[in-house]
Amino acid sequence: MLKETWRSDQEYMSYVGELLAKPEVQKLANYTQHHFSTRLQHVITVSYLSYRLAKKFNLNARATARAGILHDLFYYDWRVTKFDRGTHAWIHPRIAVRNAEKLTTLSPLEKDIIIHHMFGATICPPKSLEGLIVSMVDKYSATQEYSEHLIQEFEGKMLKKFSFAKVSK
């Protein structure tokens, strides 16, 4: 659905195009997020779906789109890197805000959306509906990205076990 739709959405691109062009954001393509997606693919998916929901509900679509792009702006493998002062779920939003502030001026709403996008894994809820949207879309996207991995693994096992020929889509 999202493969290239976001690229042709002029309003969306007016909000995030400058951010997406930055090398610091493009660098996210070098990190795997949920098995078969890169962190860059993940933030674009979260950003665009969240933006569309914010528009539908007459919320701040610009802040939602920008915060969606910036919500996982960190440069380490979260499966390997561990912290003494808290979990990845609590620490990485703060790292993302710090990194984002080096690239652009964040509105208070954008900052809040990024800091609280891990609601559910942390106990701090977002202060806005925009933040709740990004938080929920982030969980949806992560589940979808990881489920794709599980489905492919399951299909492979079934094909091998039952010697079925794979039917092309």
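User: Which helix gives the most to the lining of the largest cavity?

Analyst: First, a word on the model. It is predicted, so local features need pLDDT of at least 70 and side-chain atom pairs count only at pLDDT 80 or more, while totals for chains, interfaces and linings use all residues. Residues are numbered from 1 along each chain as its sequence is written, and side-chain values use heavy atoms, with hydrogens and water left out.

Now the general idea: rolling a probe the size of a water molecule over the atoms shows where empty space is left. A cavity is a set of points on a 1 Å grid over the protein atoms alone where a 1.4 Å probe fits but cannot get out, and lining residues have an atom within 4 Å of a point. Here, helix 5 (residues 88-103) gives the most, with four residues. The lining includes A89, W90, I115 and H116. Helices are DSSP runs of H or I, at least four residues, numbered from the N terminus.

User: What does a salt bridge look like, and how many does the structure hold?

Analyst: Look for a side-chain nitrogen of Lys or Arg within 4 Å of a carboxyl oxygen of Asp or Glu. The structure holds five. In one of them, K55 pairs with E11, with the closest N and O atoms 2.7 Å apart. That pair links distant parts of the chain, from K55 in helix 3 to E11 in helix 1 (residues 10-20), 44 residues apart.

User: Are R66 and E110 buried or exposed?

Analyst: Buried means under 20% relative accessible area, exposed over 50%, and partly exposed in between (1.4 Å probe, protein chains only). Both R66 and E110 are buried, whereas R62 is partly exposed at 42%.

User: How many residues of helix 3 are buried?

Analyst: 13 of its 18 residues are buried, so helix 3 is largely enclosed by the rest of the structure.

Technical notes. Helices (H or I, at least four residues) and strands (E, at least two) are DSSP runs, numbered from the N terminus. On a 1 Å grid over the protein atoms alone, a cavity is a set of points where a 1.4 Å probe fits but cannot get out, and a pocket is an open set with protein on both sides within 12 Å along at least five of seven lines; lining residues have an atom within 4 Å of a point.
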